[in-house]
Amino acid sequence: MDTKPEFKPGNYLYAAKASALETVGLPNPRDWNPTDDDWKLPADWKGVVREGIAQRLERFRTFKLFMDICVRCGACADKCHFFIGSGDPKNMPVLRAELIRSIYRGEFKTAGKILGRLAGGRKLTEEVIKEWFYYFFQCTECRRCSVFCPYGIDTAEITIIAREIINLLGCNIDWIASPVANCFMTGNHLGLKPHTFKENAEYLLDDIEEYVGVKIEPSFNRKGAEILFVTPSGDIFAEPGIFTFMGYLMLFEHIGLDYTWSTYASEGGNFGFFTSHEMMKRLNAKMYAEAERLGVKWILGGECGHMWRVVHQYMNTLNGPPDFLDQPVNPITGTRFDNAASTKMVHISEFTADLIKNNKLKLDPSQNDHYTVTFHDSCNTSRGMGLLEEPRYIINNVCNNFVDMAPQTIRENTFCCGSGSGLNAGEYLEMRLRGGLPRANAVKRVAEDKGVNMLSCVCAIDRAVFPALMDYWVPGTDVCGVTELVANALVMEGQGEREYNLRGEENPSYVPPPESEGEAEGEAGEEGEE
Amino acid sequence: MIGFLFSVVAVLVLVGIALVGVGGLGLKVLFGVIIPYAAVLTFFAGLVYRVVDWGRSPVPFRIPTTCGQEKSLPWIKTNKVDNPCSGGMVLLRMAFEVLTFRSLFRNMKLDYRQGPTIRYSSEKFLWLFAMMFHWAFLVVIIRHARFFTEPIAQWLQGIEHLDGFLEFNLATFGIGLPTIQMSGLILLGGVTLLLVRRIVVPSVRYISLASDWFPLFLITFIALTGILARYVIRVDVVKIKELAMGLATFHPVVPDGISVWFYVHFFLVCVLFAYFPFSKLMHLGGVFLSPTRNLVNNSRAVLHVNPWSYPVKTHAYHEYEDDFREQMIEAGLPVEKTLEEAAAEKAPAAPAPAEADTEVTEEKED
Ligand code: HEM
Ligand code: SF4
Ligand code: SF4
């Protein structure tokens with residue numbers, strides 16, 4: 001417990017800017033740096049922390065219970081990707097929790113107050129706050145530890161609450177605080193203003209027209225649409241997420257869905273979740289508010305991990321119940337989604353799986369034949385929801401070559417990408433590469449043994465961070481969203497030759513039509529034989 | 001390390017207290033009646049207090065840790081135990097958790113021995129030791145009921161019979177020991193193995209506190225003195241039963257001629273009882289209350305209400321449109337108010353611009 005963390009480039013995250021905190025009214029806005037000696041904490045910071053802990057003990061049974069019942073059996077110790085990748089003992093989930101548990105004992109429990117160290121208690125000092133900042137932003141809230149704990153102690157929950165407490169002192173990171181401020185004002189993390197959001201979508205529509213030969217004209221902020229579609233803004237912005245975004249557009253066009261995008265609720269993700277429960281609620285409110293304003297019947301949500309943790313486990317409680325919405329029914333198949341009866345929001349993978357099961361998609365899986373695909377379960381959708389079979393069912397229907405990674409590294413045992421919960425900042429690359437090591441290692445195994453060259457996922461953060469992780473650990477492996485694979489396989493009405501895939505690469509699965517010149521035909525035939 | 005030494009010494013001191021108290025000072029009533037009553041009282045009062053105290057903190061969100069397929073489309077097979085979709089399934093999950101330590105059974109160990117590739121191998125030792133220890137503990141406790149009940153229930157004798165099946169084997173060797181009860185030995189074995197594991201596995205040793213060592217030593221000594229009393233000293237069971245029945249019927253008697261080692265055993269048990277509610281041993285109660293395990297994963301199907309929910313400041317759509325109206329119109333996005341309408345509304349409101357400033361959304365709950 002005594003070794004102090006050392007803030008070195010690559011292992012810590014930049015501090016939140018004053019302006020970002022001011023935008024959303026968070027306490028103690030100031031410009032500072034974690035390497036500073038003086039963190040400019042508020043004058044009565046000890047009181048704030050004590051009160052913050054006391055209040056949360058009263059509000060969260062999880063927190064109170066998890067402070068009390070850990071037996072330090074160590075079952076969780078080697079389950080954390082940051083411990084595996086860094087070897088730092090304080091990255092063992094049990095010790096991460098002890099960082100705050102020791103203060104709980106030392107400041108709140110009689111034995112800890114009197115016996116101090118002997119009873120596992122510590123006093124609150126500025127060093128402790130620095131340590132919290134270091135280690136609670138070195139946990140991606142992935143819940144892997146919670147799967148193995150005999151009492152279900154969820155260190156992610158402890159991290160969530162610890163971050164909430166240091167936020168009371170204004171100690172957040174820039175990579176979380178800025179997206180939060182952006183999202184509050186413009187509706188999305190990237191700060192895309194309404195017209196920019198639409199323009200970005202239009203670029204992608206142009207690409208679809210060029211590569212697929214189909215002109216799509218979606219609607220934005222349209223009142224009276226049947227469905228509101230919400231997905232993370234990261235996917236409208238950068239590769240390879242944009243290909244998934246194009247996939248959504250094509251899929252909805254293919255089935256003739258009556259839906260609309262919103263520039264106001266233009267963010268599915270919720271970095272507020274990485275700040276505090278209150279901030280999560282403030283940012284999440286837009287989804288229902290916009291659904292009500294537009295008068296849609298229900299909401300469909302795109303591929304994203306933490307977005308779905310919030311939608312599935314929190315949204316209805318935070319901002320519901322949305323009585324103005326109807327129970328979701330797939331207008332194409334007539335399937336009623338009973339599992340979303342109250343929250344009234346359906347996951348795109350549930351939706352697509354239902355379409356495929358009912359034969360509503362015209363698919364040509366051979367379009368993905370040049371890929372050998374594996375699937376990364378996002379922490380949040382696997383351990384905070386249980387969405388495991390739907391994506392696999394979809395992939396198996398749109399691809400001919402799918403292999404899973406080792407069972408200890410998928411489904412509920414899945415390893416985090418190492419960059420979740422707002423830690424995907426550039427300055428943090430070293431730590432992210434370390435945290436991503438176990439995941440990358442599992443990919444490497446299937447890449448070497450089974451020839452996997454495509455890592456698919458249902459998470460926008462995964463799409464943003466895996467390319468760097470793969471380049472470093474498993475070069476030659478690409479990253480895509482599941483809906484991109486669906487779009488590749490979709491046979492669109494009136495489509496062109498599809499000589500290029502959505503990435504603008506020549507489509508290796510492309511077979512020139514027989515009426516073209518004999519040469520090309522011969523070549524294709526030869527290739528086929530080899 | 002300090003914690004380790006402290007715990008050993010503490011347990012030895014406790015043994016010493018009982019030896020001196022009963023053997024030296026003859027305080028039999030204190031150790032045979034007063035302390036036991038006080039300990040049992042502390043145990044129950046403390047247990048109830050702790051559980052009620054936990055119960056007072058609400059569960060604001062429904063956040064089970066899901067360890068299998070959710071219930072979604074009817075043709076997808078749900079993993080009902082690890083991702084419970086009904087109250088009954090939660091009971092099943094909890095039963096597996098409590099009776100078989102299902103989560104511990106998942107345990108795996110990673111190793112780097114094969115070079116850069118990380119491998120994961122199953123690691124069942126903790127599960128095995130913990131199962132030995134807890135089940136043996138349970139049987140031992142149940143068996144002790146024979147001292148406190150008269151007549152001894154049929155089922156109790158059944159358990160003893162099962163527990164003591166080694167008797168026949170030993171009897172054939174002509175060893176005249178009392179029936180060997182396996183549970184006691186398994187308990188001692190289990191607790192020793194847990195202790196050894198804690199000492200040998202570096203990561204577990206590193207995280208251990210005094211409060212982890214102390215119960216292990218305490219229980220080791222309880223088991224040791226119990227076995228000592230039964231097989232070596234062969235304490236006078238009839239007299240002990242007299243004492244126990246006295247306690248159980250609230251007519252305490254302190255018969256003479258009970259070995260001091262019985263009092264040591266008894267005192268350590270009292271300490272365990274009194275210590276229980278204030279220690280990590282409360283995981284006994286906690287495991288049932290754990291929200292990541294005892295909730296149904298139906299968050300989207302059934303509303304879960306947060307009792308302390310409060311209204312928060314949001315950025316409402318009309319504020320957003322006010323910020324971007326012109327650009328939205330230019331981009332061909334629909335708006336609620338045209339520029340003229342917005343300007344017209346602004347004009348009369350100009351003297352009192354404060355109203356739109358802080359927008360608090362109305363809460364649905366009261
Ligand atoms: C009901 C579910 C229970 C579960 C899942 C459970 C699990 C565990 C585990 C995993 C340990 C850690 C072993 C280690 O120290 O490495 C432990 C320790 C212990 N448990 Fe339980 N336990 C349960 C109930 C109980 C009950 C009813 C008792 C009642 C006496 C109990 C008494 C103890 C004691 C005394 C230890 C101490 C050993 C130590 O400190 O390591 N447990 N338990
Ligand atoms: S597995 Fe649970 S009880 Fe064991 S050390 Fe980790 S958090 Fe504590
Ligand atoms: S939630 Fe994930 S990152 Fe955090 S301590 Fe547990 S295993 Fe590690």
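Domain bounds here come from an automatic or database domain assignment. On that basis chain B is divided into domain 1 (2–294) and domain 2 (311–348), and the C-alpha centres of domain 1 of chain B and domain 2 of chain B lie 66 Å apart. This is a predicted model, in which local features need pLDDT of at least 70 and side-chain atom pairs count only at pLDDT 80 or more, while totals for chains, interfaces and linings use all residues. Residues are numbered from 1 along each chain as its sequence is written, chains are lettered from A and ligands numbered from 1 in the order in which they are written, and side-chain values use heavy atoms, with hydrogens and water left out.

**Iron site of ligand 1**

- The protein donors of the iron atom of ligand 1 are B:His134 (NE2) and B:His283 (NE2), which lie 1.8 to 2.1 Å from the metal; donors are N, O and S atoms within 2.8 Å of the metal (3.2 Å for Na, K and Ca), and since water is not among the atoms, sites may look incomplete.
- B:His134 belongs to helix α5 (residues 125–148) of chain B and B:His283 to helix α13 (residues 283–289) of chain B, so the pair ties together parts that are 149 residues apart in sequence.
- The site of the iron atom of ligand 1 is octahedral, with angles of 87 to 180° among its 6 donor atoms; six donors count as octahedral if opposite donors are over 155 degrees apart and all others between 65 and 115.
- Ideal angles for six octahedral donors are 90 or 180 degrees.
- B:His134 is partly exposed, with a relative accessible area of 30%, whereas B:His283 counts as buried at 13% relative accessibility (buried means under 20% relative accessible area, exposed over 50%, and partly exposed in between, with a 1.4 Å probe and protein chains only).

**Chain B and its interface with chain A**

- Chain B contains 15 helices and 2 strands, where helices (H or I, at least four residues) and strands (E, at least two) are DSSP runs numbered from the N terminus.
- Of the 366 residues in chain B, 45% are buried.
- The contact between the chains takes 91 residues from chain B and 107 residues from chain A, contact meaning heavy atoms within 4.5 Å.
- About 8,500 Å² is buried between chain B and chain A, with 59% of it on carbon and sulfur atoms; buried area is the accessible area (1.4 Å probe) that two parts lose on being put together, summed over both.
- Between chain B and chain A the count is 7 salt bridges, each a side-chain nitrogen of Lys or Arg within 4 Å of a carboxyl oxygen of Asp or Glu.
- A:Arg293 forms a salt bridge with B:Glu336, and their closest N and O atoms are 2.6 Å apart.

**Domains of chain A**

- Chain A is assigned domain 1 (18–171) and domain 2 (173–511), and 31 Å separate the centres of these two domains of chain A, taken over C-alpha atoms.
- Domain 1 of chain A and domain 2 of chain A bury about 2,700 Å² between them, of which carbon and sulfur atoms give 63%.
- A:Val24, A:Arg143 and A:Arg144 supply 20% of the area that domain 1 of chain A buries against domain 2 of chain A, more than any other three residues.
- Across this interface of domain 1 and domain 2 of chain A, the rule finds 0 salt bridges.

**Backbone details in chain A**

- The peptide bond from A:Glu239 to A:Pro240 is cis, with omega near -5°, and A:Pro240 is found in the loop between β1 (227–230) and α12 (241–255) of chain A.
- A:Asn221, a residue other than glycine, has a positive phi near 50°, and A:Asn221 is buried, with a relative accessible area of 2%.

How values were computed
Four donors count as tetrahedral if all angles lie between 85 and 135 degrees; four count as square planar and six as octahedral if opposite donors are over 155 degrees apart and all others between 65 and 115; anything else is irregular.
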